[in-house]
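This report describes the fold of one protein chain, from single residue pairs up to the whole chain. Please look at the sequence and the structure first.

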Amino acid sequence: MTDRYAQAVNSGFTKTLAKKLGLPRPAILRRYRDGDPLTVGPVLVLADAASKADADAVARTLLGWDLDVRRDHHDDVRWGAVVVVLTEAAEPTAVTEPVLAVGSVLRSLAGNGRVVTVSRAPAADDSPAVAATRQGVDAVVRSLGKELRGGSTSNGIVLTDDVEVGHPSVLATLRFFLSAKSAYVDGQLLRVGTADATGIVGDRALDGQVAVVTGAARGIGAAIARTLARDGAIVVCVDVPAAGEALAATANAVGGTTLQLDVTADDAGQRILDHARERHGRLDVVVHNAGITRDKLLANMKPAQWESVVAVNLAAQLRINEVLLAAGIDGLRIVSLASTSGIAGNKGQTNYGFSKAGVIGHTRATARLLAASGGTANAVAPGFIETEMTSRIPFATREVARRIPSLAQGGQPVDVAEAIAFLASPAAAGVNGQVLRVCGQHLVGQ
């Protein structure tokens, strides 16, 4: 679906007119293209005094990624990104200098720039000052995201336990946040733990992996299949028999195989497992994307409208996961589609909100069960994404939904797919039990 307003205010005569009238101008977001540089300009690495050693390590990594890395914020350049390392900050005054240094360069931040913090999570035995400092970083990231312009974003990496900044999962998360792959991810903080992580930090991270995507015939599901295949995965495309033609088109486009299947069937989990092993010899990634809506005010909702949504969006995932867990697959990655409606609720969507909140709940519980075998379970919570489904929303309501996020526009299916591809990658093993919003910082709810 096309956002004609965003296109109009960024091109030709209407761009000039919008400027003169002072109309809001959503930026054209930079999205991943093979061969493009990781960032849109030099990267400035800042830190508080106690975190200097970690900042040095981050800077060396960035240099290894062929980036132009600077440590002096007085340089007169157009910055592509700012990385702020606060891992050892132990009192609120420690963050003053690096945070204000970020502020001093924001006017020099290029369009589609990035600000990424690296900090530590509060611990149960922290002193009040340490806890205050670490918690405070959360609000800096979210507030800054609301101030940035031109398609720039602000996100944070939060280290848990004793994980070091050089851990592969920390680097994988940093690269994702810096890249165009996180175009519609804004105001987010991802916790990274100490789980063993292997694999490539970068492109082709899924080489040799076999991934299953449910609901793959069209829309977000098709975008997920294309993105996982781009990163090297062999993709099993799953959808209902009625979507067979579109499903075959998706599978052909990505060089994958099809499995016509109703995910609510009692044997869905076993059929997915059997297909992956018999056709491809293994199963590494499962993406629970299949979902439906049956919106209605609760006062008018029929039992069938409630039950069908819960059956497809939630109960099917639980049954499939039971089979996958029983199979004892080492390093299995499960990524489920939640929704911001499952976090904040939404009028007319009590059934949908319940099902998506349930996805978040089972993801956190499943994460603990998978950790023992090196696997992970995470969820992605899209906000307003430009799809066939959202194109049916009445015009006025759709426009409001588009403009509320800090990025002032809806996301694209590929934005959801990029987040899933990152979470599915072996190097992201330290990210487990997390919910990553892909909402352009439409931060509602908890």
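Which residue is the bridge partner of V285 in strand 11? The partner is R333. This is a predicted model, in which local features need pLDDT of at least 70 and side-chain atom pairs count only at pLDDT 80 or more, while totals for chains, interfaces and linings use all residues. Residues are numbered from 1 along each chain as its sequence is written, and side-chain values use heavy atoms, with hydrogens and water left out.

**Strands 10 and 11**

Strand 10 (residues 285-288) pairs with strand 11 in the parallel sense, over four bridges. Two strands pair if DSSP finds at least two bridges between them. Strands (E, at least two residues) and helices (H or I, at least four) are DSSP runs, numbered from the N terminus. In strand 11 (residues 333-337), five of the five residues are buried, so the strand is largely enclosed by the rest of the structure. Buried means under 20% relative accessible area, with a 1.4 Å probe and protein chains only. R333, V335 and L337 point one way from strand 11, whereas I334 and S336 point the other way.

Six strands form an open sheet with parallel pairing, in the order 2-1-3-4-5-6. Strand 2 (69-70) and strand 6 (189-192) are the edge strands, and each pairs on one side only. Within the sheet, strand 3 (residues 79-85) runs parallel to strand 4 (residues 109-120), and six bridges join them. V85 stands opposite V118 in strand 4.

**A lysine in a loop**

K181 lies in the loop between helix 6 (168-178) and strand 6. Its relative accessible area is 11%, so K181 is buried. Apart from neighbours within four places in sequence, K181 is in contact (heavy atoms within 4.5 Å) with Y32, F176, D203, R230, D231 and E418.

**The whole chain**

The chain has 14 helices and 13 strands. Its radius of gyration, taken over C-alpha atoms, is 22 Å, close to the 22 Å that the globule rule (2.2 Å times the number of residues to the power 0.38) gives for 446 residues, so the chain is as compact as a globular protein of that length. Further values for the chain are listed here.

| Property of the chain | Value |
|---|---|
| Span of the C-alpha trace along its principal axes | about 60 × 55 × 45 Å |
| Share of the 446 residues that count as buried | 55% |
| Share of contacts with a separation of 6 or more that join residues 24 or more positions apart | 75% |

Key: Buried < 20%, exposed > 50% of the residue type's maximum accessible area, 1.4 Å probe, protein only.
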